[in-house]
Amino acid sequence: MKKIRIGISKEIDFKLEKYTQRKFIFNQIDVNNFSYDVILVTSNSKIDYKIINNCKRIRIIFIMSLHLISKIKLDKLRKDIKVLYFDKKSKKILKTITATPEFIFGLIILLTKNFLKIERISKKNVWDPKKTAEFSFNKMLSQSTLGIIGFGRIGKQLASIAKNFGMKTIIFTKKNNIKLTDIARKSDIISVNFSLNNKNKNIINKNFFSKMKVGSYFINTSKGQIVNYYDLLKFLKKNIKGAAIDVYKNENENDKEIKKLIYYSKNNDNLILTPHIAGSTLDSIITLQKHCLDRIVSNI
């Protein structure tokens with residue numbers, strides 16, 4: 001069997017050693033030398049149907065980002081090109097991937113215990129346990145309410161972890177009658193776990209933040225396009241006690257929004273910024289990548 005030539009975007013880095021060496025050749029996608037059997041599409045990939053269709057070798061397109069599935073225009077692709085993604089056949093594998101909800105709960109503990117501020121104080125050798133304790137949330141997690149916006153795989157796993165801590169959960173999903181304003185008013189901590197679509201872009205904005213509880217916390221590990229971060233900054237230290245962000249509209253070091261968030265974070269200790277790593281444990285990445293390659297081999 002010839003090695004399968006796969007065009008990958010710069011975000012993908014396969015680490016399967018012997019498995020990948022035996023069956024695949026990986027190259028960064030080059031539109032000037034477009035000669036692949038398979039291309040992998042991520043959220044930052046640009047799809048040029050003309051280039052794809054002109055490449056007679058291409059047999060498969062694998063979509064790594066679920067929110068892109070509805071955006072792929074199948075009628076513009078050659079009929080002999082298969083489009084694969086993490087679908088029902090992937091459910092068993094996906095259920096074993098718990099990196100993102102674990103990361104979210106880590107952020108919940110970091111925020112509510114205000115470890116950023118406490119660490120800074122401790123490094124100054126200021127020893128005042130009573131005063132330092134006052135920087136934390138005034139409730140135990142077991143007496144707190146977690147608002148989960150979006151109840152897919154990650155939302156459900158997060159709710160399960162919260163339950164083990166004795167937390168009450170309130171869920172925003174299409175299947176119940178709870179409104180976003182209910183989540184804002186009733187939750188002590190809010191986690192956004194939506195999949196991105198045209199209806200929920202910028203849905204979390206000043207109208208939502210203004211209704212959040214005084215002393216509450218906000219976390220987004222979903223998609224940056226869902227949340228207006230300029231509005232979030234306006235309400236931090238007002239009614240919102242702290243926030244954590246892992247995703248951004250444009251994940252670029254020169255982006256104005258990211259620069260503003262970083263500036264605020266450098267000068268305040270109630271905003272945690274991470275570079276889109278919520279699901280990035282080595283074992284979870286390898287599991288998903290191996291599943292992706294297995295699917296390709298079985299369909300090539």
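How many of the five residues of strand S9 (residues 216–220) are buried? In this predicted model, five of its five residues are buried, and strand S9 is accordingly described as mostly covered.

- Together with helix H10 (residues 229–235), the strands S9 and S10 make a β-α-β unit that is right-handed.

**The sheet of five strands**

- Five strands form an open sheet with parallel pairing, and their order across the sheet is S2-S1-S3-S4-S5.
- The edges of this sheet are strand S2 (24–28) and strand S5 (82–85), each of which pairs on one side only.
- From one strand to the next, the twist averages 25°.
- Within the sheet, strand S3 (residues 38–41) and strand S4 (residues 60–63) pair in the parallel sense over four bridges, and Val 41 has Ile 63 as its bridge partner in S4.

**Gly 7 in strand S1**

- Gly 7 is placed in strand S1 (residues 4–8), and Gly 7 counts as buried because its relative accessibility is 0%, below the 20% limit for that class.
- Leaving aside residues up to four places away in sequence, Gly 7 touches Asn 27, Ile 29, Tyr 36, Val 38, Ile 39 and Leu 40.
- Among these contacts, Asn 27 falls within the range of edge strand S2 (24–28), and Val 38, Ile 39 and Leu 40 fall within the range of strand S3 (residues 38–41).
- The C-alpha atom of Gly 7 is separated by 47 Å from that of Lys 186, a residue 179 residues apart from Gly 7 along the chain.

**Gln 157 in helix H7**

- Gln 157 is found in helix H7 (residues 153–164), and this residue is buried, with a relative accessible area of 15%.
- A polar atom of the Gln 157 side chain lies 3.4 Å from the backbone oxygen of Lys 95.
- Not counting residues up to four places away in sequence, Gln 157 touches Lys 95 as well as Leu 94, Ile 97, Thr 98 and Pro 101.

**Salt bridges**

- Asp 37 forms a salt bridge with Arg 57, in which the closest N and O atoms are 3.1 Å apart.
- Because Asp 37 lies in the loop between S2 and S3, and Arg 57 in the loop between helix H2 (49–54) and S4, this pair ties together parts that are 20 residues apart in sequence.
- Of these two partners, Asp 37 is buried with a relative accessible area of 14%, whereas Arg 57 counts as partly exposed at 37% relative accessibility.
- Lys 123 and Glu 119 meet in a salt bridge of 3.4 Å, N to O, and both residues lie in helix H5 (residues 115–123), four residues apart, or about one turn of the helix.
- Lys 123 is exposed, with a relative accessible area of 66%, while Glu 119 counts as partly exposed at 44% relative accessibility.
- Lys 249 and Glu 257 meet through their side chains in a salt bridge of 3.1 Å, N to O, where Lys 249 is partly exposed, with a relative accessible area of 29%, and Glu 257 counts as buried at 7% relative accessibility.
- Lys 117, Arg 120 and Asp 269 are linked in a network of salt bridges.

Definitions and conventions: Residues are numbered from 1 along each chain as its sequence is written. This is a predicted model: local features need pLDDT of at least 70, side-chain atom pairs count only at pLDDT 80 or more; totals for chains, interfaces and linings use all residues. Side-chain values use heavy atoms; hydrogens and water are left out. Helices (H or I, at least four residues) and strands (E, at least two) are DSSP runs, numbered from the N terminus. Buried means under 20% relative accessible area, exposed over 50%, partly exposed in between (1.4 Å probe, protein chains only). A polar contact is a pair of N or O atoms within 3.5 Å; within protein, one must be able to donate a hydrogen and the other to accept it, and residues adjacent in sequence count only if both atoms are side-chain atoms. Contact means heavy atoms within 4.5 Å. Two strands pair if DSSP finds at least two bridges between them. Axes are lines fitted to C-alpha atoms, for helices over the stretch in contact, and angles run from 0 to 180 degrees between N-to-C directions. A crossover is right-handed if, with the strands pointing away from the viewer, the path from the first strand over the helix to the second runs clockwise. A salt bridge is a side-chain nitrogen of Lys or Arg within 4 Å of a carboxyl oxygen of Asp or Glu.
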